[in-house]
Amino acid sequence: MGEALLSIRQLNKRFDTAGGQVQALEDVELEVEEGEFITVIGPSGCGKSTLLRIIAGLDTGYTGSVTLEGKAIGGPGIDKGFIFQEHRLFPWLTVEKNIASDLPLGRPDIRQRVDELIELVKLGGFETAYPRELSGGMAQRVAIARALLRSPKVLLLDEPFGALDAFTRAHMQTVLLDIWRRNRTTMIFVTHDIDEAVFLGNRVVILEPRPGKIRKIVPIDLPYPRKKTTTSFQELRLKVLNYFEKVDELELKDGAGI
Amino acid sequence: MSEGIEAIIKTAKGVREARDYSGTASLTTHNNRRRLTSVFWKSHVYGWGAGAVIPVAVIAVWQLAGSAGWISPEFLPAPLTILAALAELAVSGELIHHLGVSIGRAGTGFLIGGILGLLLGALTGLFRSAAYLLDPSVQILRLVPHLAIAPLIILWFGFGEISKVVIIMSGSFFPLYINTFLGIRGVDNKLFEVARVLGFSPLQKLRRLILPAALPGILLGLRLSMAVAWIGLVVAELIGSQSGVGFLINEAKQNSNTAVVFVGIIIFAVVGKLIDSLFRVIERRFLYWRDSYQG
């Protein structure tokens, strides 16, 4: 086993608020190997989004070290793909132009990659549609394709399916696993849905709130594709659930979002 | 596996369509026809015919009153008399000449004022320091009715072309300035984060994010600036000129040729409306992606 792709050491982050300083993250330690699918789960306010934004280079002002391939995170860039909860597509661009964004679609190699990605995220036939014509799930798939076109070393997903209905969400989970199986892109996926975390990740990072801290990292050694109804899945789900002391703080309903 | 999912989605879509369809199918044929008639009524008669009812009625009564001799032609010439005056001016070529002069003035003033408004609006929109420095002064000047400074402009620049262009320019500057500023400041901050994540350079940010996102505001500013330029033109030409549609009106007033005054007013209205429509076509051409309430 070589050096980890992403390495987080002694990460501390404080926010200045009107009521004084808030410790958002405390002594976070995490090593992510290339090709892993990490899911990060915790109740709201546990700093899971902050953790993701620090890895992306969007948030700064922390102590400790965060390195990607041994180099400190300088700022945001295309080597760290980021999927927001909302699709955040450019409303004036078609699907294919959104995927290309600043890259010229006229170049044959880019055209070919965009076409491949449209195939991969199953949006064939919608190349020239505008974002307003897409459903939430489709728009989010465009956003994923836009990030993947830049061949990121790691794809960071911040509750990307949180705003989708249970049916679409389940579909998007399979689409994402399919992408991961084919591309082997390292994924860090933040959610507060336990089912989603156990279904997707090969490790589930459980964060606790105030201050945001890693409580436990649970390896999920179930083979893909997983089935949520199997006993082994349910056992792991309960195992993850048991690490939450204050169960009240968490929505336990199936497919509960936000 | 994935094909199975696609199939499920297709079925779900089918169900949705079927549901929509069943909703209409439950209507009787009679209701359907009524619905179609009402659709026709809405799109055609509402859109065009309904708006024409009042003007047509007014013109008819007006013509009747004029023909019957109830109103003196010096006070209010009948529509047909105005039409005759219009035809005469058109045939003699005078109309085209004056209209050309007027459009040239309005266009020059609009172009200079608009470009200045666009540039300064972009500057204050993009850079907070520029906004702190410039915006308060611009806002003070904006609140001075630009027609109130017309005498001053004439004092400085005389009765020549320059003062006319300056009056038009000073009016058409502000709408474009403000709407460019607001358009840029209204760009969704979340998209700026996307631009950072996608590694846009400052120039790419301007070209691929700020410009398209601010375009609705900029186009609205263009339209408003054009309208103000047209109003400024009337004032500039009425104050004193040797040509232009405003001159035509002024001269006709002195000769008590009321019909020509009306011709001038109609020309101002029609050309103004045509220019406004042109801008609306441009808006539709560039803003088809917008997802806002269309009425």
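## Working through chain A

Among contacts in chain A (heavy atoms within 4.5 Å) between residues at least 6 apart in sequence, 70% link residues at least 24 apart. This is a predicted model, where local features need pLDDT of at least 70, side-chain atom pairs count only at pLDDT 80 or more, and totals for chains, interfaces and linings use all residues. Residues are numbered from 1 along each chain as its sequence is written, chains are lettered from A and ligands numbered from 1 in the order in which they are written, and side-chain values use heavy atoms, with hydrogens and water left out.

**Exercise 1.** Work out whether the radius of gyration of chain A agrees with that of a compact globule.

*Solution.* Start with the rule: 2.2 Å times the number of residues to the power 0.38, with the radius taken over C-alpha atoms. For 258 residues that gives a value near 18 Å, and chain A has 18 Å, so the two agree. Next, look at the extents: the C-alpha trace spans about 50 × 45 × 45 Å along its principal axes. Finally, check burial: 56% of the 258 residues count as buried (under 20% relative accessible area; exposed is over 50%, partly exposed in between, with a 1.4 Å probe and protein chains only).

**Exercise 2.** Find the edge strands of the open four-strand sheet in chain A.

*Solution.* First, the inventory: chain A has seven helices and 10 strands, taken as DSSP runs (H or I, at least four residues, for helices; E, at least two, for strands) and numbered from the N terminus. Now write down the sheet order, β2-β1-β4-β5, with antiparallel pairing. β2 (20–32) and β5 (71–72) each have a single partner strand, so one side of each lacks a neighbour in the sheet. Then zoom in on one pair (two strands pair if DSSP finds at least two bridges between them): β1 (residues 6–17) and β2(A) share nine bridges. One example to click on is Lys13(A), whose bridge partner in β2(A) is Leu25(A).

**Exercise 3.** Explain why strand β3 of chain A is largely enclosed, and name its parallel partners.

*Solution.* Count first: five of the five residues in β3 (residues 37–41) are buried, so the rest of the structure largely encloses this strand. Check each face: Phe37(A), Thr39(A) and Ile41(A) are buried on one side, Ile38(A) and Val40(A) on the other. Now the partners. β8 (residues 186–191) runs parallel to β3(A) over five bridges, with Phe37(A) bridged to Met187(A). β9 (residues 203–208) is also parallel to β3(A), joined by four bridges; here Thr39(A) partners Val204(A).
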